[in-house]
Every structure is written in C-alpha cells, then in structure tokens.
Amino acid sequence: MNALPGLGVLLAAIVGGLATPRGLQSWYGTLAKPSWNPPNWLFGPVWTILYILMATAGTRVASSDHPQKNLALGVFAAQLILNALWSWLFFGWRRIDLAFLEILLLVALIAANLILFLRIDRTAGLLLIPYLLWVAFASILNGTVWRLNP
C-alpha cells in the first residue's frame, strides 16, 4: 500500500508526458504567449522535482494510520488523474479552453489534498505547497494563452 502513491505519481507523469513532447515541438511553439512564459527547458526539471515531492507526500500519508487516510489518498488519486488529463487536453488535443477549465478544478483538488494531507502528516501537506503554487501559476498561464489564441 505504501508504494501505491509513488506508482500513481509515476503513472501520471508517464501518461501526461506522452502528450507533451509532440505538442511542445510543433503546435505550442506557434502559439502567442505572454512575455512571462517560462522557457520550455524549465518545465522538465520543475515537474521532476514536483513529482518527487508528490510521491514523497503520498507515501508518507499512505504509511499513516489516520482515519482520513483513505479520503486523502482518494483525493490524491483524483488530482493525479486530472494532472495527466491536462497534458492531453492542452498538448495532445489542443483544447486550450477545456484545459483551462480542467486546471481550475485541478487547483481546487490540489488545495483540498494539501489540507487533508496537513491534517494527517504536516510534512506531507507542506510538500504539496510547491505543486499547488506551480499549478496555480500554470492555470494563469493557460488562461492567458487561451485569451491570446482565441
């Protein structure tokens, strides 16, 4: 059971990653983006760090005997599914509009997940803060790219 969160994070990274390179190398480069758009090379290292933090947080909670553990891990799994789906919506299917709506839901789920994790294991909750901040930033970027590319 303790390894499942890490495996879930790895699966989300792989599934989401399958959509990303194809979209980055072709279509994404042609889009109008704001001046504050991070360089493409930055996304890989940032996501690697975030996935490690997420897996660590999930594993810590999975090791707990807290009564809300299953709820917290269910929310964790749900946000991992949305995490992977966003890459497909944005890069794979080029639906910037649907990706924006979906990422707003993802931000809400990550926030709920963070709160649940904090109740169970303070360190696990704190480990999700960079993820929440990055996805909140990504949601603003997604919305801006959608506005610039109607």
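What follows is a set of questions about labels and the values behind them.

Tutor: First, the ground rules. This is a predicted model, where local features need pLDDT of at least 70, side-chain atom pairs count only at pLDDT 80 or more, and totals for chains, interfaces and linings use all residues. Residues are numbered from 1 along each chain as its sequence is written, and side-chain values use heavy atoms, leaving out hydrogens and water.

Student: How many helices and strands does the protein have, and what makes a helix or a strand?

Tutor: There are seven helices and zero strands. Both are DSSP runs, numbered from the N terminus: a helix is H or I over at least four residues, and a strand is E over at least two. The order from the N terminus is α-α-α-α-α-α-α.

Student: How do you know whether the radius of gyration agrees with a compact globule?

Tutor: The rule is 2.2 Å times the number of residues to the power 0.38, and the radius is taken over C-alpha atoms. For 150 residues a compact globule would come out near 15 Å; the protein has 16 Å, so the value agrees. The C-alpha atoms fill a box of roughly 50 × 25 × 20 Å along the principal axes.

Student: Why is Trp146 called partly exposed?

Tutor: Buried means under 20% relative accessible area, exposed means over 50%, and partly exposed is in between (1.4 Å probe, protein chains only). Trp146 has 35%, so Trp146 is partly exposed. In the protein, buried residues make up 47% of the 150.

Student: What makes Phe100 and Trp146 a tilted pair?

Tutor: Rings of Phe, Tyr and Trp (its six-membered ring) pair if their centres lie within 6.5 Å; planes under 30 degrees apart are stacked, over 60 edge-to-face, and the rest tilted. A search of the whole structure finds 14 aromatic pairs. Phe100 and Trp146 sit 5.7 Å centre to centre, with 45° between the planes, and the pair is tilted. Phe100 lies in helix H5 (residues 96–120) and Trp146 in helix H7 (residues 129–148), so the pair ties together parts 46 residues apart in sequence.

Student: Which residues do ring pairs link into a cluster?

Tutor: Trp27, Tyr28, Trp86, Phe90 and Phe91.

Student: Why is Ala136 called partly exposed?

Tutor: Ala136 has 26% relative accessibility, so the partly exposed label applies. Ala136 is in helix H7. Ala136 and Leu104 are 32 residues apart in sequence and 8.1 Å apart in space, C-alpha to C-alpha.

Student: Why is Thr123 called partly exposed?

Tutor: Thr123 has a relative accessible area of 38%, so Thr123 is partly exposed. Helix H6 (residues 122–127) holds Thr123. The C-alpha atoms of Thr123 and Ala57 are separated by 7.4 Å, at 66 residues apart along the chain.

Student: What is the phi of Arg94, and where is Arg94 placed?

Tutor: Phi is near 55°, a positive value in a residue other than glycine. Arg94 is in the loop between helix H4 (69–92) and H5. With a relative accessible area of 44%, Arg94 is partly exposed.

Student: How many contacts join residues at least 24 apart?

Tutor: Contact means heavy atoms within 4.5 Å. Of the contacts between residues at least 6 apart in sequence, 79% join residues at least 24 apart.
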